[in-house]
Amino acid sequence: MKIAISGKGGVGKTTFTGTLARLLSDKGFTVIAVDADPDANLGSAIGFTPEQIDAIRPIAEMSDLIEERTGARPGSMGGVFKLNPQVEDIPERYALRMDHIRLLTLGRAKKGGGGCFCPEGVFLKRLLGHLILRSEEVVLLDMEAGIEHLSRGTTSHVDAFIVIVEPGTRSLQTAGEVRRMATDLGIRSILIVGNKVASPKELAFLKKHFSPEEFLGALSYDRAVIEADLKGVAPYDAGSRVVADTREILDRLLQQFQKG
Ligand SMILES: Nc1ncnc2c1ncn2[C@@H]1O[C@H](COP(=O)(O)OP(=O)(O)OP(=O)(O)O)[C@@H](O)[C@H]1O
Ligand SMILES: [Mg+2]
């Protein structure tokens with residue numbers, strides 16, 4: 001399973017991805033959690049300690065590593081460098097670990113995103129391509145808000161997109177754009193997860209806009225998530241309702257993948 005989590009800003013992509021990673025790890029899956037948001041914060045949503053998070057170095061900023069593998073210094077443009085750098089060992093060597101979770105923080109390639117023709121851009125794209133092609137693990141990509149990442153093509157090899165939506169028209173618009181672009185990229189499975197659902201009426205609003213096949217379920221609005229976030233505690237460790245809700249969604253997701 002290779003899943004990208006997408007949606008409008010602030011809808012709960014990182015909260016959901018972090019909780020899902022913990023639940024998958026509990027089930028014994030090896031989870032490669034990739035923080036693909038330049039404004040990285042997946043680490044705390046998974047439950048890594050502030051000390052561990054402080055020590056994270058984004059892959060895009062590991063100049064020596066990128067130079068060693070591509071043959072060129074990050075920040076240089078054009079020139080001659082390897083377009084197929086070796087990246088197979090990166091998750092095991094450079095990820096932060098907890099249980100069966102490996103967290104990779106990509107950071108931002110300096111010259112305009114992952115699509116740039118610069119050593120760090122090529123390196124990140126190859127890394128994502130490689131991660132996304134291995135079959136024995138679950139890869140979760142926590143994307144940056146909006147749809148820009150889709151046009152860079154870094155997610156073109158994923159099996160499924162999960163679009164997080166809040167009950168509200170603007171969030172649905174972003175979901176619609178993600179769905180169109182992901183479909184254009186040939187991604188077969190585009191699934192929806194509701195978040196911050198505070199009433200049956202809000203749940204009904206979401207259900208009305210999506211088919212039962214694509215709508216995996218919804219997470220309740222829970223102040224415990226916000227309280228935990230203020231304290232830097234992961235929703236999973238705070239014992240939020242969101243954990244039980246995510247567990248139900250995971251069961252449905254696994255059923256979907258078993259059906260093929
Ligand atoms: N179910 C929930 N109930 C209450 N608050 C929530 C819930 N899910 C997320 N939040 C809160 O909403 C805010 C945004 O959540 P989060 O960072 O997960 O969203 P995001 O989509 O990853 O945001 P960004 O677009 O900035 O990456 C956080 O303060 C989080 O604590
Ligand atoms: Mg986020």
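Q: Which residue stands opposite I101 in strand 4?
A: In this predicted model, the residue that stands opposite I101 of strand 4 is V31.

Q: And how do strand 2 and strand 4 pair, parallel or antiparallel?
A: Strand 2, which covers residues 31–35, pairs with strand 4 in the parallel sense, and five bridges link the two.

Q: What about strand 3 and strand 4, parallel or antiparallel?
A: Strand 3, residues 96–98, runs antiparallel to strand 4 and is joined to it by three bridges, with L96 having L103 as its bridge partner. Two residues lie between the strands of this hairpin, where D99 takes a positive phi near 45 degrees.

Q: Is strand 4 mostly covered or exposed?
A: Strand 4, residues 101–105, is mostly covered, since five of its five residues are buried; I101, L103 and T105 point one way, while R102 and L104 point the other way.

Q: Switching to helix 12, which residues are buried there?
A: The buried residues of helix 12 are V242, V243, D245, T246, I249 and L253. They sit on the same side of helix 12, because they cover an arc of only 155 degrees around the axis.

Q: What do those buried residues pack against?
A: They pack against several elements, including helix 1 (13–26), strand 7 (189–197) and helix 10 (223–231).

Q: Then which residues are exposed on the other side of helix 12?
A: Those are A244, Q255, Q258 and K259.

Technical notes
Residues are numbered from 1 along each chain as its sequence is written. Chains are lettered from A and ligands numbered from 1 in the order in which they are written. This is a predicted model: local features need pLDDT of at least 70, side-chain atom pairs count only at pLDDT 80 or more; totals for chains, interfaces and linings use all residues. A residue is buried if 20 or more other C-beta atoms lie within 10 Å of its own, exposed if 12 or fewer, and partly exposed in between; C-beta atoms are placed from the backbone. Helices (H or I, at least four residues) and strands (E, at least two) are DSSP runs, numbered from the N terminus. The arc is that of the directions from the helix axis to the C-beta atoms. Two residues are in contact if their C-beta atoms, placed from the backbone, lie within 7 Å. Two strands pair if DSSP finds at least two bridges between them.
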